[in-house]
Amino acid sequence: MRRLLIGAVTVTAVLLAGCSTRSDDTTGSGAAHNASPTASGSGSSSADFGTLKDVCGPGTAESSTAKSSTAESAPSQGVTADRIQVGVMSDVGFTKNSEFVDAAKVFTSWCNDAGGINGRKLVPVTRDTKLTEVRQRVLEACKADFALVGGGSALDSLGVQDRLKCLLPNFPGQSSQIGAIGSDLQVMASQPVAGYFQYAGYYTWLLKDKYPDSAKKVGIIAGDSPVTKVMAAQFKEAVAGLGGTVSYSDLYPAAGVSDWTPYAQSIKNKGVRGLVFLGDFASLAKLEQALTAIGYTPDWIDANSNAYGPAFLQLAGTALAKQHNYAELFATAPLESAATNPATQQVIDLYKKYAPDKQVTYPALRAFSAWLLFATAARDCATLTRTCVYGNAAKNTDWTAGGLQAPFDLTSKQPTKCYSVVEATAKGWQAADFQPDQGAYRCDAPVYKYQADYGKPATLASVGKSMADLK
C-alpha cells in the first residue's frame, strides 16, 4: 500500500502509515495445554456484518490440537479453550496514529460481545514496531500469537523472514514493501498484488478518458528515500506502459521543504498536466498552495490514499478550489457512500458504539476487511489450527468483506479489474465522475505487469520451510 510505503520517506517527518496504540493486553498467551470443549463466549446471539452471516457467535469451541494416531500434540500457539490471541502490527510509537488498534478494538469488541469465534474471545495485542523495530516485534509475536491480523508497518519487509521461519500467518490491513507484498503465509483481503501496477484502471481513466491531453505531460515528485525512489521508477514505467509519458520528475528532501515555490515554478515551466505526488499530504498541500499562488493548475493531481481524509482538506484550504485532486482506494467503497452502502455504515455505527472518540479512516476499512477475513476463516475450522485458518482464507474467490469492497479473488495472482476513485473538493471528498459500472466501482482495468525487476516477495523456501511444516 502506498500509504505505508510513503511512510518510509523519512524517520523524522514524513511517515503516514496506518498505525495503532498499545492494547491493554500485551502479554503472551498462557502456558500451552489441550483445550477442552467449552462455550466460553459471553454473547447470546450471532453477529452478521453486511452480507456476511454469523461472523461471530457463541458455541462449543473444538480442540485446537492437531491429532495423530498415537496422541494429541500441544494446542495451537495463542489458542486456549476460551481465547485466541493475535498480534496487530503498528508503527504507533513513531506516528502516534492509532488507526489499526482502533479497528482491532472495535472489531474484537463487537465480535466478543456476540460470543467470539465459536465461543473463544479474540484478544488483540498491539506489536509496536516504532517504524524500525519490525523484526523485534515479529519475533515477539512468533513466541505468543496465533496469527497477525489487521495491522501494518511501513518497513514490513524487515520482519518477513522471521515471520516465515516461525510459520506465523499474516492477514494485514496493509502491506507496503516489495519483500512483504505477496509473501508466503500472507493473505491480503484486497490489493496490492506482487509484480503488478495496482492503479492501471485509475491511470487509464486519468490518461485516456478524463484528461487525454495530459498523457504526454505527466510529472512525478517523490520524497528522497530509497523506498519512494523505487516507487517513482515503478510509476514512470507504468505510465509509459499505459500510453503516457513522464516529462518531468523531481525529488524533495525527506526532512521537508520550507518553500515549495521553486517546485511549483518548475512544474509550470515544464507544462505538467498530470502530477503524481509520492510523499506526505502535508507537503502536497503546501505544494498546491504554491501552485495556486503562481496561478498554475495541472489537469489532475494524484494525491493518493494518503490524503484521503479531513486533514488534507484542512491543510490545502483554498487551493482545493483550483487544484484537481484524486485518489484511488483499491476498490474500497468510500466513506462518503455510507448512505447507500450498509457495510460502510455498519463500520461507522460500530465505531460510534465502541470507539466514539476515534475517526473511521480508509486504513480502518482495510483493517476491518482483514479482520472479517480472519474471523470467517477461523469460524469455519472444526479444529482451530493455522493450517485451517490460512487455507480457508486463501481460497476465497470473491471476497467483498460483506460489502466494504469490490469482489477480490484471493486465489488469483493478478490485480482486480475494479477500482474506485474519489475527488477532493472545497466541499470535501466525494466520488469522482469516473463512470462506475458495478455499483460504486468501475471494473474494466487493464493488467500491467512490471517489466523491470523491483524485487521479489519472500517465500517459505527462502527460509528452508514449506507448507508441510505449517500446523
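Phe-330 sits in the loop between strand 13 and helix 11 (342–354). Helices (H or I, at least four residues) and strands (E, at least two) are DSSP runs, numbered from the N terminus. Phi of Phe-330 is near 50 degrees, a positive value in a residue other than glycine. Phe-330 is buried, with a relative accessible area of 2%. Buried means under 20% relative accessible area, exposed over 50%, and partly exposed in between (1.4 Å probe, protein chains only).

This is a predicted model: local features need pLDDT of at least 70, side-chain atom pairs count only at pLDDT 80 or more, and totals for chains, interfaces and linings use all residues. Residues are numbered from 1 along each chain as its sequence is written, and side-chain values use heavy atoms, with hydrogens and water left out.

**Backbone details**

Leu-167 also has a positive phi, near 55 degrees, and is not a glycine. Leu-167 belongs to the loop between helix 5 and strand 8. Its relative accessible area is 12%, so Leu-167 counts as buried. A cis peptide bond joins Gln-191 and Pro-192, with omega about 10 degrees. Pro-192 is placed in the loop between strand 8 (170–171) and helix 6.

**The chain as a whole**

The protein chain has 13 helices and 15 strands. Of its 471 residues, 59% count as buried. Contact means heavy atoms within 4.5 Å. Among contacts with a separation of 6 or more, 74% come from residues 24 or more positions apart.

Helix 6 is mostly covered, with 8 of its 11 residues buried. Among the buried ones are Ala-200, Gly-201, Tyr-202 and Tyr-203. The cover includes strand 9 (218–223), helix 7, strand 11, strand 12 (300–302), strand 13 (325–328) and strand 14 (421–425).

**Aromatic rings**

Rings of Phe, Tyr and Trp (its six-membered ring) pair if their centres lie within 6.5 Å; planes under 30 degrees apart count as stacked, over 60 as edge-to-face and the rest as tilted. The structure holds 29 aromatic pairs. In one of them, the ring centres of Tyr-252 and Phe-277 are 5.7 Å apart and the planes are at 10 degrees, so the pair is stacked. This pair links distant parts of the chain: Tyr-252 is in strand 10 (residues 246–252) and Phe-277 in strand 11 (residues 274–278), 25 residues apart. Tyr-252 is buried at 1% relative accessibility. Phe-277 is buried too, at 0%.

Phe-330 returns here. One aromatic cluster includes Phe-330, Tyr-202, Tyr-203, Trp-300, Tyr-450 and Tyr-454. Lys-449 lies over the face of Tyr-196, 4.8 Å from the ring centre. A charge sits over a ring if NZ of Lys or CZ of Arg is within 6 Å of the ring centre and within 35 degrees of the ring normal.

On a 1 Å grid over the protein atoms alone, a cavity is a set of points where a 1.4 Å probe fits but cannot get out, and a pocket is an open set with protein on both sides within 12 Å along at least five of seven lines; lining residues have an atom within 4 Å of a point. Grid points are joined across faces, edges and corners, and a volume is the space filled by probe spheres set on the points. A search of the whole structure finds 3 cavities of 30 Å³ or more.

| Space | Volume | Residues closest to the centre |
|---|---|---|
| Largest cavity | about 150 Å³ | Met-89, Ser-153, Asp-156, Asn-170, Gln-186 |
| Second largest cavity | about 90 Å³ | Gln-198, Ala-200, Gly-201, Thr-416, Ala-445 |
| Largest pocket | about 610 Å³ | Ile-178, Gly-195, Gln-234, Tyr-450, Tyr-454 |

Helix 4 (134–144) and helix 5 (160–165) each supply at least two residues of the largest cavity's lining. Helix 6 (residues 200–210) gives the largest share of the second largest cavity's lining, 3 residues. Helix 7 gives the most to the lining of the largest pocket, with 6 residues.

**The chain's last stretch**

Lys-471 lies in the segment after strand 15 (428–431). Lys-471 is exposed, with a relative accessible area of 58%. Not counting residues up to four places away in sequence, Lys-471 touches Thr-385, Arg-386 and Thr-387.
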